[in-house]
Amino acid sequence: MIKLLLVSALVAGVLGCGVPTYQPSVTRVVGGEDVQPNSWPWQVSLQYSSNGKWSHTCGGTLIAENWVLTAAHCISSSKTYRVLLGRHSLSTNEQGSLAVSVTKAVIHGSWNSNNVANGYDIAMVKLASSVSLSDKIQLGCLPAAGTILPNNYACYVTGWGLLQTNGVAPDILQQARLLVVDYSTCSRSNWWGSSVKNSMVCAGGDGVTSSCNGDSGGPLNCQADDGHWEVHGIVSFGSSLGCNYYQKPSVFTRVSNYNDWIEKVIAQY
């Protein structure tokens, strides 16, 4: 019981998550932009090893000192992973950043890799050792279970994904302001139709700004009334027609639908 209570406290954010030392620049810029260094300190780069070289594949969110939240479609049983924390530039070995190996990846049991629109695109990655929190490495907050954001709520997607469809991958962490599209709108036939579920969050769809390849698994950061940030979404999928396609907003796994699952994984492993 004590362990479960501690897990709940950690996940719920009562230990001071979601408040960055270096405040993000929350502008209304159309399109992505370089972030203020270390202003999203829970953002991580999930990397895989190939021929002795580490490569970025997905984003993720540090939600406990030894657990990262990401997307199920980011995980392959055949690959060896590590997590890069506290990083602004992927190519620079910055002071205060860490590279930690992964010992376990837990994918939701209902995830179907052949049908991303089925949902359950969520996974947890356990680090080989707990990390010490600092001004550059902090925990992301999860929203309360069942929380659903209203239409047009402003959030920020962050990641090292492509700057545009078939474009280049940035070295510097990017952020983009996206407005939430409520389920009743996003599920219309001329939007995403039945491809989206109530267990997902849609954001964007203006034909200009979106998440893109390489952002998968990363957070949709939304600010609460008291000023702290919560991770309401995990980048899941976008349109095959292009990253910035009109009325095809970025689709995220809705984190508040999985609070119980997240807590059980942390407690079990």
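**Ground rules**

I number residues from 1 along each chain as its sequence is written. The model is predicted, with local features needing pLDDT of at least 70 and side-chain atom pairs counting only at pLDDT 80 or more, while totals for chains, interfaces and linings use all residues, and side-chain values use heavy atoms, with hydrogens and water left out.

**Entry: the whole chain**

I started with secondary structure and found three helices and 13 strands. Helices (H or I, at least four residues) and strands (E, at least two) are DSSP runs, numbered from the N terminus.

For the extent, I noted that the C-alpha trace spans about 45 × 40 × 40 Å along its principal axes.

For burial, 52% of the 269 residues count as buried. Buried means under 20% relative accessible area, exposed means over 50%, and partly exposed lies in between (1.4 Å probe, protein chains only). The accessible surface of the chain comes to about 11,900 Å², and 48% of that belongs to carbon and sulfur atoms. These areas come from the Shrake-Rupley method with a 1.4 Å probe; for residues, only the protein chains shown count as cover.

I also checked contacts, meaning heavy atoms within 4.5 Å. Among contacts between residues at least 6 apart in sequence, 68% join residues at least 24 apart.

The mean positions of the 15 positive and 15 negative charges are 9 Å apart. Lys and Arg count as positive and Asp and Glu as negative, with His and the chain ends not counted. Each charge is placed at NZ of Lys, CZ of Arg, CG of Asp or CD of Glu.

**Entry: Ser-210 and Ser-211**

Both serines sit between β10 and β11: I found Ser-210 in that loop, and Ser-211 there too, with β10 at 200–203 and β11 at 219–223. Ser-210 counts as buried because its relative accessibility is 15%. Ser-211 is buried as well, at 8%.

I asked which residues Ser-210 touches, not counting residues up to four places away in sequence. They are Leu-178, Cys-243, Asn-244 and Ser-250. Two of these partners return in the polar pairs (N or O atoms within 3.5 Å; within protein, one must be able to donate a hydrogen and the other to accept it, and residues adjacent in sequence count only if both atoms are side-chain atoms). A polar atom of the Ser-210 side chain lies 2.4 Å from the backbone oxygen of Cys-243. The Ser-210 side chain also makes a polar contact with the side chain of Asn-244, at 2.6 Å.

With neighbours within four places left aside, Ser-211 is in contact with Val-157, Val-235, Cys-243 and Ser-250.

**Entry: Asn-151**

Asn-151 lies in the loop between β7 (123–127) and β8 (154–159). I noted it as partly exposed, with a relative accessible area of 36%. Beyond its neighbours within four places in sequence, Asn-151 is in contact with Val-180, Val-181 and Asp-182. Its side chain reaches the backbone nitrogen of Asp-182 at 2.9 Å.

**Entry: Ile-75**

I placed Ile-75 in the loop between β4 (67–70) and β5 (81–85). Is Ile-75 buried or exposed? Ile-75 is buried, with a relative accessible area of 16%. Outside the four places on either side, its contacts are Leu-46, Thr-70, Tyr-81, Ala-105, Ile-107, Ala-123 and Val-125.

**Entry: positive phi**

Most residues other than glycine have a negative phi. Tyr-120 has a positive phi near 65 degrees. Tyr-120 is in the loop between β6 (98–107) and β7 and is partly exposed, at 31%.

Gln-247 also has a positive phi, of about 60 degrees, although it is not a glycine. Gln-247 lies between β12 (229–237) and β13 (250–254), in the loop, and counts as buried at 16%.

**Entry: Gly-16**

Gly-16 is exposed, with a relative accessible area of 52%.
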